[in-house]
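Me: I have a chain open on my screen and would like to go through it with you before I plan anything. Could you take me through it piece by piece?

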Amino acid sequence: MRPAAVFTGLAGMAVVAGLLMAGEARLRSGTGGEDTTATEAPETGAAAEIVPETAGRSAPISDADAEIIARAAQLAAPSPAPTGRTAAKPADPARPSETPGGQAAGPAAKKPIELARPVAENAGVLSFGERRLQLAGIIPTPADRICGPAGRQWPCGMMAKTALRQLLRSRSLTCDLDMAEWKGMATAACRLGTQDLGIWLAENGWAEAEADSPLDAVSEKAKQAQIGIYGGDPRRK
């Protein structure tokens, strides 16, 4: 037999063997694919059952993160739906109460009130019938006060009272009060026209100013000028 014929025969046998092996591999892969599909199906179902269980679990967070989330949820929470009856809100002491008409009822503000026939009891206290009023910002000078050194004393209290009476001459005043009627002693700023009586007494030295009063500087000028109760007997001049 020729060598060429032998080589050709061997090659053909090798090709046939290769084809057989390839077919067997395909058959095995097809069978394995079916088995794999059959075995994997239950596993997929089990995974589907496990997923919902693990999906409901959240990863642990720190206390700081939890506090931030709680605050955000509180701010984003919707307001509760109104019910038939509205709960009464507690009164806020920092805000004035409201009247039934909806207007704020703050503390009663003082208003200018005209008072007729004032009588000066001393340099600082006026009387209107049974009502008495002390001028704001000053210390009244008693009518029986005596001023000056020994041997040169003079009735400065009576002189101060007389000076205020001569200014008033029973003319009506405008005083800043809560109400026109009161009992006992009231304290208020009063004006004769545009002249504030407290300022007039302090400027002329007929009364001392209260401590930390706006009239303190005015009274100090009268003291330096030695007028009124700070000076000598005006009857000697």
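Reply: Let me begin with a term: a contact here means heavy atoms within 4.5 Å. On that basis, residues 24 or more positions apart account for 56% of the contacts in the chain with a separation of 6 or more. The model is a predicted one, in which local features need pLDDT of at least 70 and side-chain atom pairs count only at pLDDT 80 or more, while totals for chains, interfaces and linings use all residues. Residues are numbered from 1 along each chain as its sequence is written, and side-chain values use heavy atoms, with hydrogens and water left out.

Me: What is the mean pLDDT of the chain?

Reply: The mean pLDDT (the predictor's confidence in each residue, from 0 to 100) is 74, and 56% of the residues reach 70 or more. Taking helices (H or I, at least four residues) and strands (E, at least two) as DSSP runs numbered from the N terminus, confidence is highest in helix 4 (residues 197-203), at a mean of 97, and lowest in strand 2 (residues 104-105), at 44.

Me: And which stretch stays under 50 with zero contacts beyond four places in sequence?

Reply: That is residues 31-59, where pLDDT stays under 50 and the model has zero contacts beyond four places in sequence. Residues 76-106 also have pLDDT below 50, although that stretch has ten contacts beyond near neighbours in sequence. Where pLDDT is low, the predicted coordinates should not be read in detail.

Me: OK, on to the fold. How many helices and strands does the chain have?

Reply: The chain has five helices and twelve strands. Four of the strands form an open sheet in the order 4-5-6-9, with mixed pairing, where two strands pair if DSSP finds at least two bridges between them. Strand 4 (119-122) and strand 9 (185-188) stand at the edges with a single partner strand each, so one side of each has no neighbour in the sheet. From one strand to the next, the twist averages 35 degrees.

Me: Do strand 4 and strand 5 run parallel or antiparallel?

Reply: They run antiparallel, joined by three bridges, and A120 stands opposite L126 in strand 5. The two strands form a hairpin with two residues between them, and G124 in the turn has a positive phi of about 150 degrees. By contrast, strand 6 (residues 131-135) and strand 9 pair in the parallel sense over four bridges, with Q134 standing opposite T187 in strand 9.

Me: What packs on the sheet?

Reply: Helix 3 (residues 156-168) packs on the sheet, touching strand 4 and strand 5 (125-128), and its direction makes about 170 degrees with that of strand 4. Axes here are lines fitted to C-alpha atoms, for helices over the stretch in contact, and angles run from 0 to 180 degrees between N-to-C directions.

Me: Switching to cysteines: how many disulfides?

Reply: Counting a pair of cysteine sulfur atoms within 2.5 Å as a disulfide, there are two. One joins C147 to C156, with an S to S distance of 1.9 Å, and the torsion about that S-S bond is about 65 degrees, so the disulfide is right-handed. The other is formed by C175 and C190, whose sulfur atoms are 2.1 Å apart, and this link is right-handed as well, with 110 degrees about the S-S bond. C175 lies in strand 8 (residues 173-177) and C190 in strand 10 (residues 190-192), so the pair ties together parts that are 15 residues apart in sequence.

Me: Is C147 buried or exposed?

Reply: C147 is buried, as is C156, where buried means under 20% relative accessible area, exposed over 50% and partly exposed in between (1.4 Å probe, protein chains only). C175 and C190 are buried too. Of the 237 residues of the chain, 23% count as buried.

Me: Where is P140, and what does P140 touch?

Reply: P140 is found in the loop between strand 7 (138-139) and helix 3, and is partly exposed at a relative accessible area of 22%. Leaving out residues up to four places away in sequence, P140 touches N122, A123, G124, V125 and Q134.

Me: Last one: what is the phi of R117?

Reply: Phi of R117 is near 50 degrees, a positive value in a residue other than glycine, and R117 sits in the loop between strand 3 (111-115) and strand 4, where R117 counts as exposed at 64% relative accessibility. R169 likewise has a positive phi near 50 degrees; R169 lies in the loop between helix 3 and strand 8 and is exposed, with a relative accessible area of 58%. Most residues other than glycine have a negative phi.
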